[in-house]
Amino acid sequence: MHWWYEDRSSVLLLLFLYVLQGIPLGLAGSIPMLLASKSVDYKQQALFSFVFWPFSIKLLWAPIVDGAYIQSIGRRKTWLVPTQYVIGTIMFILSYKLDAIMGGPEPDVWNLTVCFFILNFCAATQDIAVDGWALTMLSKKNVGLASTCNSVGQTAGYFLGYVVFLALESADFCNKYFRSADSHKEEGLVNLSGFMYFWAIVFIITTTLVMIFKKEDAQNTSEINDTASKGVVSTYKLLFKIICLPNVLQYVVILLTAKIGFASESIVALKLIECGIHKETLALLAIPLTPLQIALPVIIAKYTSGPRPLDIFLKAIRYRLIFTLLFAAFVHYTPSFKLEDGTFPYYYFAAVLIMYCFHQVTLYSMFVAVMAFNAKISDPHIGGTYMTLLNTVANLGGNWPSTLALWYVDALTTTNCVGGTSNLVYCSKEDKAKVCETAGGLCVTTVDGYYVEAVLCLILGILWLIWKSDSTRKLQNVDPERWRCPR
């Protein structure tokens, strides 16, 4: 292990910074589960889904973070220190305000969205700064460890903020595994306020220590990132030149639309919670999936390393579209598996896990194929900027369909008023639902918008394949010189 020993302090610091980066992401992932348990409607879930957008659009401000800094503070610390202080401060304030925001029958989703959007915006900005700092913090022979620190640290942070938090927040989980039979309580070991308070203190203390004790190595900075040395304005001009290339523009359209057939996937977990599955149980399913998620890119890379990686991409889309219907069928039949005591049998969760495993194969096949093609076509003279642009577009192509799907679930749902003395036919609106119930009626869902969207997504996915399959394949035959950016 002596090969990285001289950089051990830097490796540990990078790992810790990436863990901190994953905490807001994990907490943001857990909030929809908490909102679902409070029966928040899907339009509000769609509103909250915007908090995941900053990591998909960070290229918009990345040149500023990379090129503008205060020399006396340091190129990376100029952005790292204030963003982490902002994250810690917001978490600290939220720890005292969450009871008012999340409490009651109607959580304040708008304020929650604003706060978490700022948290993730700062985390994305911190990611840009730490990625750049890693190049000068590590020695040349160990600079490859930066990506490992990123992957391991961010995954660990997300795991803490999502899986660990939801497990410790659950009264059922804590009573079953951490408390004796005579000491059961109606709450978990931690709540969201306490969890955020703890990490707020961690952010503030560690940021202060980094600001005081960690010095930046300014040597060879211009050599490390020649794109930034050209200036912020030049970088934006370069991005514009890249995206205006005819082939790149066509590829961007493909990346932005390819995942429209999978938009309904974002609703599956929320529907399962509606069916009675505990949110912490769904979170714990991520544990056995983690080794698979680590292994899949390595395995799939063997098949995408050739000259035609997008062939794998198109095949994966076809198989992933099948899961759109499989998920819908699984959600539909989930209530029939429910036992008399309100729990679900182990074989049900085994089936869920198996289905998720196969789904991950299709998901990672698409991801690795796109990454391989991006690396293949990127202009080597500006590879970092080129790759970042394409990866950002690919991420955005997954976010907007999910948000749109969540937004229209309720609009596509039909709820009828059955029985009672009311003349109402539909009671999808909350005020009409109260009128129906007051008149002795019962609001019954006759058409669930999720199933409508699942069918629509399948149709749109098939139409996309008809529309873009040939042009996607042809992009792989384009002369490499036609992907180069004019200089």
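## Basis of the model

Helices (H or I, at least four residues) are DSSP runs numbered from the N terminus. The structure is a predicted model, in which local features need pLDDT of at least 70, side-chain atom pairs count only at pLDDT 80 or more, and totals for chains, interfaces and linings use all residues. Residues are numbered from 1 along each chain as its sequence is written, and side-chain values use heavy atoms, with hydrogens and water left out.

The average pLDDT (the predictor's confidence in each residue, from 0 to 100) is 86 for the protein, and 91% of the residues score at least 70. In residues 219-229 the pLDDT is below 50; this stretch has 12 contacts (heavy atoms within 4.5 Å) in the model beyond near neighbours in sequence.

## Salt bridges

A salt bridge requires a side-chain nitrogen of Lys or Arg within 4 Å of a carboxyl oxygen of Asp or Glu. By this rule there are seven salt bridges. One links the side chains of K271 and E274, at 3.1 Å from N to O. Both residues lie in helix α14 (residues 265-274); because they are three residues apart, about one helical turn separates K271 from E274.

## Packing of α16 and α18

Helix α16 (residues 286-304) packs on helix α18 (residues 346-377) at about 40 degrees, with the axes 9 Å apart. Axes are lines fitted to C-alpha atoms, for helices over the stretch in contact, and angles run from 0 to 180 degrees between N-to-C directions. α16 and α18 are therefore oblique to each other (angles under 35 degrees count as roughly parallel, over 145 as roughly antiparallel, 65 to 115 as roughly perpendicular and the rest as oblique). The crossing of α16 and α18 is right-handed (the near helix is turned clockwise from the far one by less than a right angle; anticlockwise is left-handed).

Residues of α16 in the contact include P288, L292, L296 and I300, and those of α18 include Y356, V361, Y364 and V368. The contact of α16 with α18 has 15 nonpolar residues, four polar and no charged (Ala, Val, Leu, Ile, Met, Phe, Trp, Tyr, Cys and Pro count as nonpolar, Asp, Glu, Lys and Arg as charged, and the others, Gly among them, as polar).

## Two further helix pairs

Helix α1 (residues 8-37) meets helix α7 (residues 145-169) at an angle of about 40 degrees, with axes 6 Å apart. α1 and α7 cross in a right-handed sense. Their contact comprises 20 nonpolar, 10 polar and one charged residues.

Helix α5 (residues 77-102) and helix α9 (residues 192-213) pack at about 155 degrees, their axes 8 Å apart, which makes α5 roughly antiparallel to α9. The crossing of α5 and α9 is left-handed. In the contact of α5 with α9, 19 residues are nonpolar, six polar and two charged.

Note on methods
Helices (H or I, at least four residues) and strands (E, at least two) are DSSP runs, numbered from the N terminus.
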